[in-house]
Amino acid sequence: MSAEASAEHGHDHDDHHHDLPFYKKYIWSTDHKVIGIQYGITALLFLAFGFFLMMVMRWSIAYPEEPLPGYLSWIFSDEWKARWLQDGRVTGDTYNMFGAMHGTIMVFLGIVPLGFAAFGNFVTPLQIGTVDMAFPRLNMVSYWLYLVGGLTMCASFFMESGAAKSGWTNYSPLANFADGQIVNQFLAGQTQWLLGMVFLISSSLLGAVNFLTTLINLRAKGMTWMRMPFFCWAMLVTGFLLLLAFPPLEVAAIMQLMDRTVGSSFFMPSGLYTSGAGVIEASGGGSPLLYQHLFWFLGHPEVYVLLLPAIACVAEIIPVNTRKPLWGYKPMVWSIVILGFLSFIVWAHHMYLTGMGPVISTWFQTTTVLISVPSVILLTSMIVSLWGGSIRFNVPMLWAVAFLPMFGIGGLTGLPLAFNLVDLHLHDTYYVIGHFHYVVAPGILFGLFAGIYHWYPKITGRHMDTFLGHLHFWPSLVFMNVLFFPMLVQGMAGFHRRWYNGGDAYLSKAAGSENIFGNTVAEWIHLNPIMTFGAFMLALAQIPFFINFWLSIFVGKKIKNDNPYDATTLEWATPTPPPHGNFTFDVAAYRGPYEYSREDHEGDFYPQWEEPKRDKPAKEPKPEPAQ
Amino acid sequence: MEIPYTVTARKDTGLFNSKVGIWLFLASEVMLFGGLFSGYVFLRIYADYPWPERALPIVPGLINTFVLIGSSVTVVFAWAALKMREWRRFQIFMGITIACAGMFMVLKGIEYKAKWEHQAVRMDDFAIIEGHAHYGAVMENGEVDHFHTKLEAKKAGGGKPFKTNKILFRPATIDFSVVRAHEPWIAEMLEQAGKRKSKLVTSGDVFFYGHIEDYSGTESDPLTGKDRAKQEAKIVKEFGKAEENLARKFGKNSLYIPAGTPLDYGLIKKARKAYIAGRAHNAETRTAILKENWRRVKEILPEKEYWEQAPVAKIDAATQLDEQFDDQGNCVSGSKVVSLVSTLSFRMDPPQPLVIKRSWIKRPVKAKDGKAELRDDTTLSAGDDQDQGAGLLASPVALSVDAIDFRWMAQKAEEAGKEPMEVIEQSWIFSKDNKHHGDYEQIWKVHKKRIGELEQELADKYGKDAEGKPKRVPTETDRYRVTWQDLVHYARAKKDSLMPGDAGFDELRPKFWDGFAGPNHKDEEIHKLHAFPELEVPHHKVSMQSMFTPKWNTYYAIYFTLTGLHGLHVIGGAIVLGYFLFFSKGLYRRNPEWLANRVEIGGLFWHFVDLVWIFLFPILYLM
C-alpha cells in the first residue's frame, strides 16, 4: 500500500489498529490471524467436548450394566440424569445421542475448523505474502456463523427431545421420525441439528470463497503457483471441496427439514409404518436412497477436507526439520489436485449395502481403488523426504513423523472396505470404526498437533515446553493404538458399531447357545475394557498439552528471532507475532518454497523472501511481478 | 492496511477480488440447485403415483419468465450507466430491475396462495378429490353443521368456524401427560370448552411426591408404610391449611391436587415440577443402590464373566425397592423410591365436541377405538359415556369439488390386472353411500362420452397402425382426470342441454387464460351454474388429505422447495441491488468504479437467478 493510496482514501487503518478496543481486536476481529486463533481455540474446546461424549460411550460399551462413575457423571444435573440415564446407566437412546453428536462435533465442529479454518486462516495469507484475506469481514462472519451453528446443535442436549440421535449421517427415514413426538418440531434435537448444519454450511461456504479468492488473487509478487508452499495447495484443493461438496448436503438438510416441519415426503417411501404412529399419514412416494446420495456426495469429499490440512501441516514441518527440500513437490501438487477431483466420484462406496445395484457398485469400487494412488504418492513422497535428512526431532517433528505410519494404517485398512464383497461383511462393524478413526485420530489429529507445536512460536513468540510436549506425545501415541487397534480385530469378529452395550446384551442372550456368531463375540468382548482403558489414558495424556498450551504463552522459552526454525516460507519473514497487515517490508517470493541445503548458497536454507545477491548472477529467473 | 485488488483487476488473473468471489459463489450455487434438480429427476423417475404433469397454471409462470429476463437486461443497462458515470440512468434502470423482482414475487405469492387454499383428499380407494373445503361450526346444542363460506358459518354457529378437514371429538375424559402437555393446545381446548359452556376438572385426588432428601426409614420418619396413607388422608382433610406440611412430609416440590380442580396450564406446570423432582429423587436413589450392588458383586463373584455378574447386580425390585416393615410397622429397608404420577386426568363436564387439527394427532383416529391420541401424549377418550354420544363425531371433509382424479385408481387397477373403467365406476363416489352421487354420475357420463368423441377424432385424424390399433389415443390424464375446465364445460353444456358431439359443445370450453391461477370459486357464472358440485367424504374414507402444500405429494414438495429457494434468492438479490440503488450515492461520489464493480457482481448473481428460473419454468410448469 502506498502512502498516496491511504491519503487518498482519507482513513488510514494502519495508524489506528493498535488502539482498537479489546472487543474489536480479539472478538469482533477481521484480522485473519485473530480469526484463526478464535477458530483454533473454539475447535479445541469442541474437540474436548466430543472426546468427553466418547468417554461416556466407551464406559457404556465396557461396563453397560454399571452406573456411570462420578468422574463422568458430575457434569450432568440430577434432572438430566433422571431423564437420560436409567439407574445411572447409559441407555440406548442416550448412547445414540452421544454417538451422533460425537461424530458431528468431531467432524464439523472440531477437525474441519481446526485444520482448514484455524491453520488455513493463520498461515495461508502469511505464506502467500499478503496482508489479510480477500474479504476480512466475510471471514469474521464465517467464524460467528460457525459458532452459532455449533452452539445451536449443542443446545439441543438440554431440550426435551435431547440432541440428534440418528447417527452423524442422519439417514432418512429414521431421522425423519426422530423426535417426532415433539410438538414444536423446531425445538427437537434432530431439527436443531439440521438448522445448525445450515449455519455451518453457510460458514464453510463463505470460508471457502474467501480462501480461494485469497489464493487466486492476493499472492505476493513472484509467488507463482509452483512457488506456493504445499500447504497452500492443500488449502486450495480443500477450499474447492468445501465449495462444491457442501451444497448437496445443504439440499439434503433442507429436504429433511421440510419432511420434518411441513410434512413433505422427500425421503419417505409409500406405505411407511412405524410402531409409534401406525401407517404414517404422509403422501409417501419419496426415496430414502436420495438422502444417502446427497449426504455422501458431501460425506466423501468431507473426508479429504479433514485430511488435507493435516497432510499440509506435516508437509511443511518435514522439510524444515530434515533440512532438505520436500521430495517430489510437483507430483505431490498434482496428486492432491487429482485426489480432490476423484474424491467427488467415489461417494457411493459408503452405500454398497443399500441395494443400488452391482453395476453402480462396481463403478464406485473402481474409482475408490483409483483414489488410493494419489494418496499413496503423497504419503510416499513424505516418507522419502525423510531419507538422508539430518532430522531434528523436536516436538512438532515427532508428531509429524508419527502421522505417517498412523495415517498409513488408516489408509491401508480402508482398502478392503473399497471392495464390494469384503464390505458386505465389514459394513457397520467396528472394523469401519477402527479404520476411519485411525485416519482421523492418530492420523489427522497428530498432523494438526504437529501444526500447533510448529506454528505456536510464530503466534505467541514463545516455544511450547519440550518436556510437556514429550509427555503429551508418547502416551498419546501408545494409547491411540490401545484404543483403536482392537477395534479392527473386533470388527472382523463381527462386532456391530451400534451395540451400545458392546455386545454384552447380545452375549447374555446367546450364552449357552451354539450360535457361532455369539461365540466370536465372546472371544473378543474382553477387548472392550482394554479399549476403554486406552481411551481414559488418552484423556489423561491431553492434560500436559492443555497446561503447555496455556502456560507457554507466558513462561515458554522466547524465540531467538522471527525465524526460529531457519525456515524458508514467507510466514517466518514477519515480525512475531505478526502485526495487523503482516509484513513490514515489500514482500516478494524469489524462489520455490523448500530451498534447503542448497550447495550454491551459504547456510542450509535460502528463504523465499531473500533477494538474490547482486554480485552473483541470479540463477533463478527474475521474479515476474504479478503486478 | 489495504487489501489489494478490491477495485482494480489483478493483471495475471484479470479479475478484481469480488469477481473471483462471485464466480466461486455461483459455482457453489450451481451445486446447490444441481442437487435439487437431481432430486427432482430422482423423485420423478421413482414416483409410484401419477406425477402431476402440467398441473400448474402456465400464464403466471410465463409472465414471470419474461419479467425476470427483462430485469436481467435492465441490470446490465444499470451497470453500463454507472460505467458511463450517469447516476440518473443508473437509478432508472436499477429501479426497473427491482420493480421486476417485486412483480415476480407478487405473482409467485398469488400462485402460492391459491395452492394454500386448495384442498385435496386421497380416498382409501385411491380416488383423488380436489376442491375448496367448506367451513364447519359447532352449534349451541353441540350439533355440527357446515357451510360454503366462513361468513355463513360464523353467522350460524357459536364457536370459531373451522375448515372441514378437522377432526371432531367429544371426550368424556382427557388425560394430560404432565411432562409433555403442550400449552397452546390446552389453551385451545379450554377456549372451545368455555364457548360451549363445559368445564374441565380433575377426576380424582392426586398426590405428587417430590424430592425427599431425608428418607431414612426410621421411627421418627413420618412416612412409614402405614402412616403414609394416614398422612395423605390428613392432608386431604386439611387441604388449604396443610399445604406447607406437604413439602416437609412428601419432599420438595410435592403437590396435592384435590378432585374437581379446574384445568389450567399453571396446574400442569406445577405437577410437572413435582414429577421431575420425584423422578430425580428416584434416579438418585436407584443409582446408589445399583452402585452398591456392583461393589458387592465384584467382591463375591470376582471370577465370573461380566455378563454373568450383571444379572446378579441388577436391582431386585422385590427386596430393594419395596418397603419392608418390622412388627411395629416401621419402615426398615427399601422403598426410598417414591411412586410417580405422570398423567393428570380431567373430566369434561358436560362432554362437548372439540375441534382438533389433524397435525395434533399422533396416530389415525378410529371410531371404534373410542379415543384420540395427540402428539403431546394427551389422550381424549370417550370412556363409558360412549352411548351418550361421546367419542369420535362424524368428521367428513366437505368440499366444493373442482377436480376428480382417477389416474391413481386406474394405475392400481391395471397393476391388479383389472379393467380401470370398471373399477372406477364401482368406486365410492358413484355409490349410493354418497348422497351426492347423482351429480357425479351425470358428470362422468358426459366425460366418458366426450373422451369417446376424442378417441374417435384422434383415430380419424391419425389413422390406425398395422395391427389395427389407433396411432393416437387420449392420454391417461384426458381419460381419468376431470379437471375444473371440464366441470365448467359440462355445466355450461348442461344449461344449454348440449352433449358431446353436438354442434357448439366444444366452443363452451374455458379458454387457457381463464382462471389465472387456477379455478375461481368466487366466479359468478361458476356459482350460478353450480359447476363445482358438493361432496362429503366420510372420515373413514379419507386415507390422506392436505392442501396443495409440500405435504400433498413429492411433486408439490419439490415445487415449493425449488421455487421457494429461488424466491429467497430473488428477495436476497433485490435487497442487495436495492442497497446499491438507495444507499450507495456516497460510494458513487467517492469511488464510482468500486460501485460499478459491486453492481457488476450483483448483476452476475441476478443473471444466475434468472437462469435458474429458466430451468425451473419448463420442468415444473410445462413437463
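Over how many bridges do strand β6 and β14(B) of chain B pair in the antiparallel sense? Strand β6 (residues 167-170) of chain B pairs with β14(B) over 3 bridges, where pairing requires that DSSP find at least two bridges between two strands.

## Basis of the model

This is a predicted model, in which local features need pLDDT of at least 70, side-chain atom pairs count only at pLDDT 80 or more, and totals for chains, interfaces and linings use all residues. Residues are numbered from 1 along each chain as its sequence is written, while chains are lettered from A and ligands numbered from 1 in the order in which they are written.

## Chain A overall

Chain A contains 21 helices and 4 strands; helices (H or I, at least four residues) and strands (E, at least two) are DSSP runs, numbered from the N terminus. Its radius of gyration is 25 Å, close to the 25 Å that the globule rule gives for 627 residues, so chain A is as compact as a globular protein of that length. The radius is taken over C-alpha atoms, and the rule is 2.2 Å times the number of residues to the power 0.38.

The C-alpha trace of chain A spans about 85 × 55 × 55 Å along its principal axes. Of the 627 residues in chain A, 55% are buried (20 or more other C-beta atoms within 10 Å of the residue's own, with C-beta atoms placed from the backbone). Among contacts in chain A with a separation of 6 or more, 80% join residues 24 or more positions apart; a contact requires C-beta atoms, placed from the backbone, within 7 Å.

## The three-stranded sheet of chain B

In chain B, an open sheet of 3 strands has the order β14-β6-β17, with antiparallel pairing. Strands β14 (354-356) and β17 (391-392) of chain B stand at the edges, each with a single partner strand, so one side of each is left without a neighbour in the sheet. B:Phe169 stands opposite B:Leu354 in β14(B).

## The β3-β4 hairpin of chain B

Strand β3 (residues 135-138) of chain B pairs with β4(B) in the antiparallel sense over 4 bridges, and B:Val138 has B:Val144 in β4(B) as its bridge partner. The hairpin has 5 residues between the strands, and B:Gly142 takes a positive phi near 90°.

In a regular strand the side chains alternate between the two faces of the sheet.

Conventions: A residue is buried if 20 or more other C-beta atoms lie within 10 Å of its own, exposed if 12 or fewer, and partly exposed in between; C-beta atoms are placed from the backbone. Two residues are in contact if their C-beta atoms, placed from the backbone, lie within 7 Å.
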